Amino acid sequence: MRVNGKSALACNTQLGDALARAPGGEIVVEPMGNMPVLKDLIVDMDAVHWKKIQRVVPWLLPEGEPPEREYIVEPEAMIDITQSMACIQCGVCVSACLSMEVDPEFIGPAALAKAYRFVGDPRDAHTEDRLSDLAEDPHGIYDCTHCFACIEVCPKDVAPMNQIMRLRRHATGDYGIKDRNNGYGHEKAFVDIIERYGTLHESQLLPRSYGQGSLIRSQVEPRALKQLIESLPTAVAGLRSGKVSPKAALIHHKLPDQEQIRRIYHEIETGDGERLELNLYIVGEEGEGGAAEQDPSTGDGSEASTVPGEAGTERGGAEQ
Amino acid sequence: MKVAYWPGCVSRGFTPELHGSMALVGPRLDLEMVELNRANCCGAGVIAEHNQELVDTLNARTFALAQQTGASMMNICSTCQGAQSECQQRLDADDAYREHINTHLEPEGLRYEKGGDWSNKNLLWLLVEEIGLDKLRERVVRPLDGLRVAPFYGCYIVRPTGRLGYDRFPHRDKYLEHVIETVGGTAVEYAGSHKCCGFPVITMAKATSLRQAGRHLADAIDADADCLVTPCPLCHLNLDLQQPDAAKYVERDLNIPVLHLPQMLGLAFGLDPKELGMDKHVVKTRDVQRKVAELAAA
């Protein structure tokens, strides 16, 4: 339900806390958001939450003959998805979702976190199909507006938005899925612009996004060109207001030491598909015991020992 | 107070009026601003989505440059605040990880050090927590009496509370209202103040993006606001630059001006609206300027 306007699980909300935050000293309880109200505080979760969960094929799709007994998986291979597996399907994130508020067809945080649970599962054989489906859907992974509302309210720290960002990372970084929603283009455009200039050259972001990262493609591909033309009135309004000068739109200064940014890019983006990710949900923060236990300073001095223990990191891409 | 000042990309790009107004307002708040001209983009959530090690290194670099000035860092962008806080949380959480990221900075002679009193705060947080509302009140020469201002925070500065220091400063989600009231205005309550402007998906899900912007603007208008004020230039792009388009998506007239936080402060400090770049908005700020001029005459 919503307590004082904020989506929450009633069973883990302390009355004292709710009262302390209540405007005017009265706790306000309302039904969950983004779902049709049946009566009083009862909403139709079947019509929204469970329907969306079904949408992402929430079961394993392995390939080949099933093994005689169980599938054998290294425990390390499952660590990456433990966070999404912690979901209890309470729907609080769906209730809080700000994208769904304006686009009821958005697949939403709970279902997309569920999708990552299978995308990240080494037993599943349809990773690329799943990613392609969610990237091409106009209400899929690129319809998430990155507002952190689901992260804020989740009672199990699933951080659904982070799982959606992982889906995007796999779709673009590992499979290069050039979706029709410009998700691939937007990420590529942004990342490339920073490598080239160090700060954001805004007037290139839109055309490059429409052209799958390329300025030239944005002007020759019919679909990109159409989008570019549609955004012209906004560009003209910007120029007319005086906030954007033609010079600023065309010329963007590089940082004085831009070669350092390039060097950092090249050190990290080595092209081997490996990515280092520190997930605090798994390693914990210092003082919680997790991080200290992962201290690799006592390791063998190899390259891997300069980063936190493998248990806390995702080395994406290579395992695919 | 000396601060390592990170203006961000957009304040020097598509919202130059933000950078300009901050330059005028800073000295009136006794801020000695050492601008970080060598620092880089925070990644705005996009580089984090692409590669976490890359974004953590880029922001560690900015932090290291700020630490070289011997002062804490100030930003004027909610998105910078959120994106940088996310990286700082990871860098501070794990010594080995931080050391690894610092190896990428070594060739440049830079290093990010955790701890001490060093912090990175948005102007909004700095106003309330370091400068203080009393001092702010002292500097007001033209109280914005009767000006109805709708606060718009930007997601990155309000969520997730666990990462953004709300345990130590639980009222950070009320600061804009406090600042508006301190400079004499009336803070307008409406549904959208802490919601999303939609900017992050403007190129990918335009309808979702502009329905969000349009709805919040409409809610502010329905609550009789004269204008909005925001500490986030990216929100400003969707709420102001895209407002004519947003009106189409919510099928109604909008036409409500959106001020940057330093512009509102500047008006209360008696600065000329033109100098504050208020003519450089897509949605004209004439009515706000007229109201403020009437205050000056009264």
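In this predicted model, chain A is divided by the domain assignment into domain 1 (1-30), domain 2 (36-61 + 76-177 + 281-288 + 310-320) and domain 3 (183-259). Contact between domain 1 of chain A and domain 2 of chain A involves nine residues from domain 1 and nine residues from domain 2. Together, the two domains bury about 610 Å², and carbon and sulfur atoms account for 72% of this area. On the domain 1 side, A:K6, A:S7 and A:L9 provide 64% of the area buried against domain 2 of chain A, more than any other three residues.

One of these residues, A:K6, also takes part in a charged pairing. The count of salt bridges between domain 1 of chain A and domain 2 of chain A is one. A:K6 forms a salt bridge with A:E152, with 3.4 Å between the closest N and O atoms. On the side of domain 1 of chain A that touches domain 2 of chain A, the elements giving two or more residues are β2 (6-7) and β3 (29-30) of chain A. By class, that side has four nonpolar, two polar and three charged residues.

Attention now turns to chain B, which contains 13 helices and eight strands. The radius of gyration of chain B is 19 Å, close to the 19 Å given by the globule rule for 298 residues, so chain B is as compact as a globular protein of that length. Along its principal axes, the C-alpha trace of chain B spans about 60 × 45 × 35 Å.

The domain assignment of chain B gives domain 1 (2-122) and domain 2 (139-297). The C-alpha centres of these two domains are separated by 24 Å. Where they meet, 26 residues of domain 1 of chain B are in contact with 27 residues of domain 2 of chain B. The area buried between the two domains is about 2,300 Å², with 70% of it on carbon and sulfur atoms. From domain 1 of chain B, the trio B:E17, B:R28 and B:S78 supplies 25% of the area buried against domain 2 of chain B, more than any other three residues.

Charged and polar pairs also link the domains of chain B. Two salt bridges are counted between domain 1 of chain B and domain 2 of chain B. The side chains of B:E86 and B:R163 meet in a salt bridge, at 3.5 Å from N to O. Seven residue pairs are in polar contact between domain 1 of chain B and domain 2 of chain B, both residues being at pLDDT 80 or more. Within domain 1 of chain B, the side that touches domain 2 of chain B draws at least two residues from each of α1, α4 and β4 (120-122) of chain B. The largest share of that side, eight residues, comes from α4(B). In terms of residue class, the side of domain 1 of chain B that touches domain 2 of chain B divides into 11 nonpolar, 10 polar and five charged residues.

The remaining interface is the one between the two chains. Here 71 residues from chain B and 67 residues from chain A take part in the contact. Chain B and chain A bury about 6,400 Å² between them, and carbon and sulfur atoms give 59% of that area. The residues of chain B that lose the most area to chain A are B:F14, B:E49 and B:M204, which together make up 12% of what that side buries.

Seven salt bridges are counted between chain B and chain A. A:E101 forms a salt bridge with B:R215, the closest N and O atoms being 3.9 Å apart. The interface of chain B and chain A also has 25 residue pairs in polar contact, both residues at pLDDT 80 or more. Several helices of chain B line up as contributors: α1 (16-28), α2 (46-50), α3 (52-68), α4 (78-93), α5 (95-105), α9 (206-222) and α10 (233-241) each give at least two residues to the side that touches chain A. That side of chain B comprises 28 nonpolar, 21 polar and 22 charged residues.

Definitions and conventions:
Residues are numbered from 1 along each chain as its sequence is written. Chains are lettered from A and ligands numbered from 1 in the order in which they are written. Side-chain values use heavy atoms; hydrogens and water are left out. Domain bounds come from an automatic or database domain assignment. Contact means heavy atoms within 4.5 Å. Buried area is the accessible area (1.4 Å probe) that two parts lose on being put together, summed over both. A salt bridge is a side-chain nitrogen of Lys or Arg within 4 Å of a carboxyl oxygen of Asp or Glu. Helices (H or I, at least four residues) and strands (E, at least two) are DSSP runs, numbered from the N terminus. Ala, Val, Leu, Ile, Met, Phe, Trp, Tyr, Cys and Pro count as nonpolar, Asp, Glu, Lys and Arg as charged, and the others, Gly among them, as polar. The radius of gyration is taken over C-alpha atoms; the globule rule is 2.2 Å times the number of residues to the power 0.38. A polar contact is a pair of N or O atoms within 3.5 Å; within protein, one must be able to donate a hydrogen and the other to accept it, and residues adjacent in sequence count only if both atoms are side-chain atoms.
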